[in-house]
Amino acid sequence: MMKKWLLACFFISGASALTYEIIWTRMLGWVFGTTIFAISTAVTAFMVGLAIGSFAGGRWMDRQRQILLVYSGIEIGCGVIGILMTWILPHLSPLSILLSRHLPESWTLALRFVLFFGILLIPTSLMGATLPTLARYLAGSDEDRGADPAKVISRITASLYGWNTFGGVVGALAADFFLIPKFGLSAVGTLAGLGNLFVAALILALRYAKGDRGVTPEPKSEEPPPRWLLLSFFLSGFCALAYEVLWTRVLVFFVGSEIFVFSIILAVFLSGIALGAWVCHSFITTHPRPLALLATAQGLLGVFGILSIVAIGTLEPILSAISKTPRFQFFSPFLQYMTVLAGSSIIVMLPATFIMGMTFPIYVRLGTRGWRTGESVGTLYAYNTIGSALGSLVAGFLLLPFLGLQRSLVLVAAINLVLAGQAVLKTPIPMLKKIATFALMLFILSAVGIAPKNYLLAHTYEKHYGPLLFFSEDIEGTVAVAKETDYNRMSFKRLVVNGFSMSGSDYTSQRYMRLLGFLPSWLHPSPHKALLIALGTGTTLSALAADPNISQIDSVDLSRSIRKAVPLFAEVNHQAWLDPRVHFVLDDGRHFLLSKDEKYDIITFEPPPPRNAGVVNLYTQDYYRICKAHLNAHGIVCQWLPVYQLSRADTRACIKAFINVFPYSTLWSGFANTNLCLIGSIDPLAINVESLRKKMANPTMVSDLHRMGLETPESVLSSFLKNDASLRKYTQEVQPLTDDHPELEYSFVSGPDIDEDWLFKKRDSVADLAIGTYNLKLLHQTKTFESLMEEFGAYYFKDASKAWQMELVGDRIVQIAPGNSYADYLLGTTNGALILLNEQLLKNQSNDEALLSRARWFRFHGKWNDAEKDYLAYARRHPESSYALFSVGVAEQFKGNSNEALQWYKAALQHKPDLQLRTELENRTRSVTPLQ
């Protein structure tokens, strides 16, 4: 019974440890920025701390009698220091700033690493001592003291290791799926500390209830584990964490880079290890030939490591088959996403991680000499953990940048095969069998060597995006540039980071990215210094560079590869990277601001979507306060707000965080109500119309503005959506997004959730913002046009049952703004769009989407006879479609055939349309007149 209680305690301890790692890594991101450096600092400190604690603690524990008393003290230390660390880490920014600002740049990174590494080392060393401590107690009190100590200790260690690891799985999942979204980072870190204190209290209570008299100290071992075994376990740990880094890098391509992705990947990785330790520990401790087991396990790890490359290459068709099963269709969108995410991780990682779990008790059995449990377990665990820390660092900083993903996986698998060969040499089997084993290993490596070097690339990026113009892997991620064709048959280039399409040279991206540079420069009376955070395609950079008054532009981005890819977008960034006013900085935007004293007239940023892991740090109230401290008088901050990727609650929380910091805030439309721009300042905002007119006449801007549909000051003013008062009223009942409560990072949105009524049906007047004369009639026209464009854009994201509403809005747009390039693109009425649709229908006449899109093309060009033919063709395929019959009626009404239109409307009513379409049809049947 005592053993079961101790295993339960170790389960809770494991949950607390993984929770600490998650919390502290996020908090280091506030200080260092969301860089690989912050993550590596946390992971390395954890691993090295565990190694130190297990190595030193294991030896010390062999000399102790009151093991449970010592263990409860360790848990108290973990809990108290863990809680203190949770509350101290967020307040270390001033110290980091001091190091960054007053020391040579070459020193600051190393000193910050030493500082935070040293701080984290204290609690993690205590955590490392827990495994050898409990193993020592259970081995010392084991009833079967006369048994083989290697078998007993390996069995006990496997059981402890499995329960502790599974506790880590539960801790990681609970933290990211429930606790942090509900209570915030600081509260959850405190809860983890309380978990340690609870374990300590429970241990003390058990000790008192059982009347524990302790265990007998063990004499010093005369035979330490052999060096070859320690080296093997070290390299085994190296391979394990290297695999995790590599697998994570490729899995995010298929399942995204939201925080849930990393949680599930970690959970599957640890679950496999825990299962391997649990399921196989009895078999391992009784098997007569443990060396043969080790050789087999390492050989299987090498094979599974290589097979994971094949699994990744075949992942998409497997997941596609799963998603088409009838049962899958009944899942909620969130459950579907989780199924795909977990399924991907299991297919790629679980076979290998199961074997990894088996190796731990094998090494313990082979390395145990006598009953010096603490020394044996502590030493072996220390070597394995140091190897793990090194594997994580080497994979991220060396293997991926220099070898790439596929060759890195092959190299790590080869190390496993070498370890298998080493174990074979130590195994007392006939030489012929050894030779046969090595021949098999060489055959496996040779087979891999002749495989296509771009196998993974061809089955990931190229399969999704076609042939690539650029591909690069660095320590921060994978960057690719692909050339594609949009729905207007316009060629464009797409920037893909870690498998996620970030931006591109397409029309949609160009409009909002240029406005992120144009708007603040137009609103500021006289900007001279500008800061751009997140370089992307360089489009926003070119918009800033188009203002001749700006004398300095600092462009900050995390990735070297992004900077290398920018020249490929020269057609949209106008080679702004060559402008002598531009200074490029390789850094996290938040950390850059923390480490510098400079102030700016404009700070604008277009970070990745806020639900991507770590990016929320650039959308919080705490971050905006940092930005505010770096503004000159009349300074302006401009924030991209992609509402189509957010829930309504998320949108409100983002806006609330912004307006809580900037007393004067406004909201502007970037493109069709899906990409918005928040503009904030510490001084009242105003836009001088005459100054704006002159700036817009700048030859470097004219062509870009024309393509954006912004030819006049009135068209710019019509992009205005909300004033400060409206923003505050809209968000008065919500809590702001903060560092400690990053709910947005944990939000799941299955589809667009745009608050259409608030955004485009209640637009505020721009009169209080605009200074000078402008054409009121033209402003009204352009404002109506913008509202209709936003309404069309919002309907575009809805299901097909709302297509009729989108088309009615499109009819109005082409009437009030014929030939507008902005409208032509969004409506899909360019000549290229018709060519593309005809090509698609020629290949597949049953392509309903292409058929309806062509019908709309004819409709918006006033070619009602052609439009009607396509609508009728669709109606013949879908006779139950009220929408198709309604659209035919609209065509007849536009042609002046009222009676025919009436018949089609009545026919549509017979097919049970939804309430909104039924109301529209009933209104039209009561008074059908020809439309002009």
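**Overall form**

I began with the radius of gyration, which is 32 Å for the protein chain and agrees with the value near 30 Å that a compact globule of 932 residues would have; the radius is taken over C-alpha atoms, and the globule rule is 2.2 Å times the number of residues to the power 0.38. I kept in mind that this is a predicted model, in which local features need pLDDT of at least 70 and side-chain atom pairs count only at pLDDT 80 or more, while totals for chains, interfaces and linings use all residues. I also noted that residues are numbered from 1 along each chain as its sequence is written, and that side-chain values use heavy atoms, with hydrogens and water left out.

Along the principal axes, I found that the C-alpha atoms of the protein chain fill a box of roughly 100 × 65 × 55 Å. For secondary structure I recorded 39 helices and 14 strands, where helices (H or I, at least four residues) and strands (E, at least two) are DSSP runs numbered from the N terminus.

**Burial, contacts and surface**

I looked up burial next and found that 61% of the 932 residues are buried, where buried means under 20% relative accessible area, exposed means over 50%, and partly exposed lies in between (1.4 Å probe, protein chains only). Taking a contact as heavy atoms within 4.5 Å, I noted that, of the contacts between residues at least 6 apart in sequence, 78% join residues at least 24 apart.

The protein chain exposes about 36300 Å², and carbon and sulfur atoms supply 62% of that area; the areas come from the Shrake-Rupley method with a 1.4 Å probe, and for residues only the protein chains shown count as cover. For charge I listed 80 positive and 73 negative side chains, with the centres of the two sets 6 Å apart.

**Cysteines**

I searched for disulfides and found 0 in the structure, a disulfide being a pair of cysteine sulfur atoms within 2.5 Å. C638 is in no disulfide, and the nearest cysteine sulfur, that of C677, is 4.8 Å away; C638 counts as buried because its relative accessibility is 0%. For C654, the closest cysteine sulfur is in C627 at 14 Å, which is too far for a bond, and C654 is buried as well, with a relative accessible area of 1%.

I then went to A884, which is found in helix α37 (residues 882-894) and counts as buried at 0% relative accessibility. Leaving out residues up to four places away in sequence, A884 touches Y871, Y874 and A875, and its C-alpha atom is 9.5 Å from that of E868, 16 residues apart along the chain.

S271 lies in helix α10 (residues 259-286) and counts as buried at 19% relative accessibility.

**Loop residues**

Most residues other than glycine have a negative phi, so I noted the exceptions that I came across. H574, in the loop between α22 (570-573) and β7 (582-586), has a positive phi near 55 degrees and is partly exposed at 39% relative accessibility. K912, in the loop between α38 (898-909) and α39 (915-926), has a positive phi near 50 degrees and is exposed, with a relative accessible area of 75%.

L568 lies in the loop between α21 (560-565) and α22 and is partly exposed at 24% relative accessible area. Apart from neighbours within four places in sequence, L568 is in contact with L469, F470, V481 and K493; the C-alpha atom of G256, 312 residues apart along the chain, is 25 Å from that of L568.

My last entry is P548, in the loop between α20 (539-545) and β6 (552-557), which is exposed with a relative accessible area of 63%. Not counting residues up to four places away in sequence, P548 touches R581 and N698, and the C-alpha atoms of P548 and H528, 20 residues apart along the chain, are separated by 9.0 Å.

Terms used:
Lys and Arg count as positive and Asp and Glu as negative; His and the chain ends are not counted. The place of a charge is taken as NZ of Lys, CZ of Arg, CG of Asp or CD of Glu.
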